[in-house]
Every structure is written in C-alpha cells, then in structure tokens.
Amino acid sequence: MKKITLLLLLNCIFQFSNAQNTCDTALPLTAAGSYVVTAVDGTQVPAPICADNGGGANKGEWYAYTPTQNYTVTITTNIAANTPKVDTRFHVYTGGCAGLTCYAGDDDSGAGYSSVDTFVVLGGTTYYIAWDNRWTSNGFTFDLIEAPYVEPVPTPITYTNQNVATVNSNYNICVVDMNGDHLDDIVGVSSTNIRVHRQNVGGGFTVLDYTTSAADNMPTWSLAAGDYNKDGYNDLLYGNGSGLTFMKSNSTGTAYTEDSPGQYIFCQRTNFIDINNDGNLDAFSCHDVDPNVYYINNGSGNFTYYQSGVTPGAVNLGVLSSGGNYASLWSDFDNDGDVDMFISKCSGPPCELHRNNGNGTYTDISAAAQINFQPVQSWSSAISDFDNDGDMDIMVGSNGSVGHKFFRNDLDTTNSTEEPFSDITTGSGLDLDTAINRDYIAYDFDNDGFVDIMGSGSKILFNQGNNVFAPVAYSSIGVGAIGDLNNDGFLDILNGSTVRYAVPNGNNWIKLTFQGIQSNSNGIGARVELYGPWGKQIRDVRSGEGFEYMSTLNAHFGIGTATEISQVIIRWPSGVVDTINNPTTNQTLHVVEGSTLSTNSFTSATFSISPVPAKNVITIQANDSISFESAEIFDLNGRKIADSKLDNNSINVQSLATGSYILLLNDSNGKRHTQKFIKE
C-alpha cells in the first residue's frame, strides 16, 4: 500500500513539474498577473512560428489563457522583474492543440530584445501562449495585462503599396520638393550620389542622379532639408554619429557641393531653422553626449559654429554636459510669433522646452511647463494641436520601459504667466499602447481635420477629436518620410523602397506651399491658421519631424466633410501676415510672403511709399530712425525682378511692367522690411 501511494505521489509530482511543457498540459491562466517561467525545457513549439526570426528553437513552455470577458491584452517580458532584460520570444495560438493557428506573438519589440505584444481576446476563448528557447532556455518572468476592450474604429484610410525598385540609395529617408515646383519628390542619399525621384505633374516620377564628392558624414541618424542659400532649391543636411555634412545646391539645382565643417558631434536629430530670425536658415543638431550645437548662416550660405554654454555668445539651446538630446522639434508653443524648441530625452535628464524670448535669446522653461518628468525613455515626440484649440500639444513617445506621455497645452494669452502643460495621458488611449519605437510623427492621415499619430506597432493612432486616440493596424506599415507623392491631397508614406499611397476617402482638404521673401525661402517657422465651420486648425512649417526622417515642407490640412474654408492666415517669421479669404477646397494654394498685403494701404510700422500707385519713381519715407541701404523687388510668384539702389530714398521703377510687386528693404542693422506696391 505504501509502495502504491509513493508511486502515485511521484507520478503526481512528475505531472505537475511538466504541466506546462506541452500544449496538452499547458498551465491554465484565467486572469492578469505575473507568471514565472522557471526554464524553457518542454516540447518544441511547432510550425507555424508566429513571431519573427523564423525557427531556431527546440524547446517550449506552454500556457492556456482563457479570459473571462473581452479584453485588450498585453504580454510582455519588458518589466522590472527581468533585470537585466532577457531576450525572449513567444507565440500565441488559437484552435485546439491538434490544429494550432497563429494569432499573435513577438520577438524583440521590448528593451534589451525582450518581448511585447498587444492584441484583442474574446471571453471564453482559449489562447495558447508558447515561449520558446530561440534565444534563451533560462527562466524569466512575464506579465499578462488585461485592459478594457475598446471597439475598433472603422479603418479611416487605406493604402495601396507600390515598390519602386529605383528607390535604392543607402538612405531613402527624405520626401521634399527639390526642383521648386512645390510637388513632393523622393530623395535618396548615397556617399557620392543624390538620387531624386522627381514627381511629374501628370503622375509618376523622373529619376535624376547628381554625383557629389564623398560625404564625410552620412545621415545614419537623421536628414534635414531647406533652401539655406536662397537660390530656390533645397539643400540637405546629414546627421551622423561623428558630425554634420551639408550638401549645397547650385543656382540651377543641378549639382551639389559637399561641405563637412569638421566639428565632432554625436548627432541625433538635425533641423534647418532660422534661430536668430534674420531671414536665413541656420542648422541645428542635437548632441547625444554634450551640449547641443548649431551653425549660424551669415546670409551668403556660410556658417559659424556654436555650442550651447561653451562657445562665447552662444544661446541656451540645451547646455547639459550629459547630453541625452535625441530629437528637437521647433514650434511656436506660446503663440507669440517666434519659434521655440522642444527636445526629447532618453535614459537620463528630463525633456526640455526652450522659449524664444524674441530678442535672440532662449530660456529653458521645462520646469514651469511641467514637462520635465523623470524617468524618461524617448527618442522622439509628436507635436501638433491635437485638440484644435489653437496651441501646440506634446506627445512624448516611448522607446523603453517608460510609457508614452501626452501633454495638453493650456496656454492663456490673457496674461504673461507661463502656464504649465497638463498631463492627460490617462484615458487618451496612449496609456494603453505599450509598444515602443524611436520615431513618432503627427499628421492628419485621413483628412478628417484632426491630427493623428504614427509610431510603433504597425499602426496609426487615429485622433477621435476628444484627446482620445484609437489604434488601427496596417500590415508592415511604419514611420517613414511623409508627403503627397501623387498630388491628390492625401499624405503618402515612404517605407524604404515602398510607397504607401493613401486611397482618397472622400474627405476634403487644402494644401499650402510657400515662398518666403523677407523670411527664409521655405517659410520654415511660419504659423498657418485655417478657419471654417470646424473652428480653427494650425500647422507650423518644420524641417525635421520625429527622429530620423525629412518630410514635406508643404502644409496639409484635412477638413473632413466640410465644403468651405472661410480664411487662411500665414504668420511668417518676419512678422508679415498674409490672409486669404474663402479659398477653394481641394486645391494647392501657393502663397508668396506679402502677396496679400492690402493694395489700398501702403503704410507699415517701418516705412511708407509714394505715389500710390507708382509710376516712374517710388519714394520711401522711414517711420522711425531707420536707415535703408538696399532694395530688392519681387513679383507675386516670389521671383526676384531687380536689385535696386537707393538714391535719396528713391527707386526707379520705370522699367517694370504694369502689375503688383513686393518691395524688400534692407536696413543698416541687417533687418529686412516688406511692403507691396502697384506699378501702373
């Protein structure tokens, strides 16, 4: 009797110790919690393999999870219990053990090659979770997290994918107009070549190659574009772990000159931006291990190097010697007409917000804005007016164990107090998104009038219009360079050599392109406002979004089912304000700086002109103690017509044809002033 009892006991212990070593003996789970895998030493996980990286395993550990109701479930080993992180892989199946069907799974989405996947489960259905020994047979802990199930939103936009075999440069990370026709082109970069897929007016691309001298620094981390020499053609800025390389266009956009300044920069995000607001684009680079750096443009396309807190005269744009600067986004957060800067941080100091004081200096207001939370693990952020209330909000994207953060801008323009942002992460839908990524971008992908977010997990987080985002999954989609690559008013995505063309969904739109006169040529730093039945939408023109990519410099607005736009306002960096009333929807609107200034009023804060209209000579009367040194005349398409000398504050315009023109005056302090005039 004792012998039989002992045999039964040993058999029971053996069965318990192997209770999760096969699918048939999978350990039952019915609730969320932390579960310890002592070792991966059971039956091999069979085909089909649900996670990435193919086979390579011969052992497995099995669990049978049967939820009590519908949930959105996350399974993860990217947790504090696994320190250091463990390289794991798991698979989720439905069906019986004799006929398993892949349902979910993950290999390396978490930090340190740990595993994270989020998926929907149905109450009463059994899901088999199998961990394999592809990377480790050692024990670890995993969390099973249950979140309320949210009914999926209908797919707001679909895509057709086209592989373009000729998009085969080393870095295919840029979509921007390169020939001045305001149509987005594809820009690929290799060491001695720039390949441009120029968008044709009637559709398709023309492939053009421009041979360059070898770039000292390739854009291994980021690329920016902008017309810094003001010749009408965009130049390029490569960001590398060793420094920067400029590729400068010639006056016809048919050749590029390589220039690598030589300073060591562990560069992350690069931008073109007019830091000192003199009408010329400067270059900025996040520095990962030292204070940030920038290059000031002297107006002739030549740059002077500065490092924050190091170079005499440098402004404060991130002075911490510990660095950790990953992605810089330039935007007007306080609606005062000049451009501020936000910096995402990773694994160290908190994020930073630098306010432009309007006098050539910047102030770090991170603490006052209350965006300096710790810990933080973010390589980039998505910045836009997500709630259409007229100011820019901040979504700090997760690239580690610290989740996303969503901050609402609570700007109050009735006082001079620096109001803090509000952390509204909880309930936004971003709190349920546990996937991570280094790149996050914000665009209105479905043209419904609300800006969406793309980041991690092959999905777009669609803005529901109430500071709530709902995920929609797409096969193999990911962050890339964004632009309208077939000129249909919907934004397309470049992923490597694949163009994902958005299929128009019936929503209406308007697209704006820019020609700066007093401001930089691209209008980078301009604030664009759109008014209609929905209220107000805003965009800022930026060179460099997210972490790596360079996307269109055109401003896109979706307006949903609305059929009328009451007004568009462009607030240029120079202070010039252009207003277009009642523009037609579903069109591209090209705006030249100053072209909509009133033709009935020829006075400004700095000067007036007479006679009105002009005949042979116009006379300039300065309103203050300003001394003008030279003048330039442009037509309303932004083309320079003449460089004019001032003769006793008079300009001879006799040779001009009848029409409207823009007069740009350069004063003795290097500032530029704009006014419109009519020649009869």
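This is a predicted model: local features need pLDDT of at least 70, side-chain atom pairs count only at pLDDT 80 or more; totals for chains, interfaces and linings use all residues.
**Sheet, disulfides and pockets**

Visitor: Which are the edge strands of the open sheet?

Guide: Four strands form the open sheet, paired antiparallel in the order β19-β20-β21-β22. The twist from one strand to the next averages 20°. An edge strand here pairs on one side only, which holds for β19 (267-273) and β22 (303-307).

Visitor: How many disulfides does the count come to?

Guide: A pair of cysteine sulfur atoms counts as a disulfide if the two are within 2.5 Å. Cys-23 and Cys-97 meet this with S to S 2.0 Å, and Cys-50 and Cys-102 with sulfur atoms 2.1 Å apart. Counted along the chain, the bonded cysteines follow the pattern 1-3, 2-4. The count of disulfides is two.

Visitor: Is the disulfide of Cys-23 and Cys-97 left-handed or right-handed?

Guide: Cys-23 is in the loop between α1 (2-17) and β1 (27-29), and Cys-97 is in the loop between β5 (90-94) and β6, 74 residues apart. Cys-23 is buried, at a relative accessible area of 11%, whereas Cys-97 is partly exposed, at 26%. The torsion about their S-S bond is about -85°, so this disulfide is left-handed.

Visitor: How far from Cys-346 is the nearest cysteine sulfur?

Guide: Cys-346 is in no disulfide, and at 13% relative accessibility this residue counts as buried, the limit being under 20%. The nearest cysteine sulfur is that of Cys-351, at a distance of 9.8 Å.

Visitor: Which residues lie nearest the centre of the largest pocket?

Guide: The largest pocket has a volume of about 1,300 Å³. Its lining takes at least two residues from each of β6 (101-106), β7 (116-121), β33 (459-463) and β34 (469-473). By class, this lining has 22 nonpolar, 15 polar and nine charged residues. Of the 46 lining residues, those nearest the centre are Asp-433, Ser-456, Gly-457, Ser-458 and Lys-459.

Visitor: How many residues of the lining of the second largest pocket are nonpolar, polar and charged?

Guide: The second largest pocket has a volume of about 730 Å³. It is lined by 33 residues, with Asp-227, Gly-232, Gln-515, Gly-516 and Ser-521 closest to its centre. The elements giving two or more residues to the lining are β38 (508-515) and β47 (628-634). Divided by class, the lining of this second largest pocket has six nonpolar, 17 polar and ten charged.

Conventions: Residues are numbered from 1 along each chain as its sequence is written. Side-chain values use heavy atoms; hydrogens and water are left out. On a 1 Å grid over the protein atoms alone, a cavity is a set of points where a 1.4 Å probe fits but cannot get out, and a pocket is an open set with protein on both sides within 12 Å along at least five of seven lines; lining residues have an atom within 4 Å of a point. Grid points are joined across faces, edges and corners, and a volume is the space filled by probe spheres set on the points. Ala, Val, Leu, Ile, Met, Phe, Trp, Tyr, Cys and Pro count as nonpolar, Asp, Glu, Lys and Arg as charged, and the others, Gly among them, as polar. Two strands pair if DSSP finds at least two bridges between them. Axes are lines fitted to C-alpha atoms, for helices over the stretch in contact, and angles run from 0 to 180 degrees between N-to-C directions. Buried means under 20% relative accessible area, exposed over 50%, partly exposed in between (1.4 Å probe, protein chains only).
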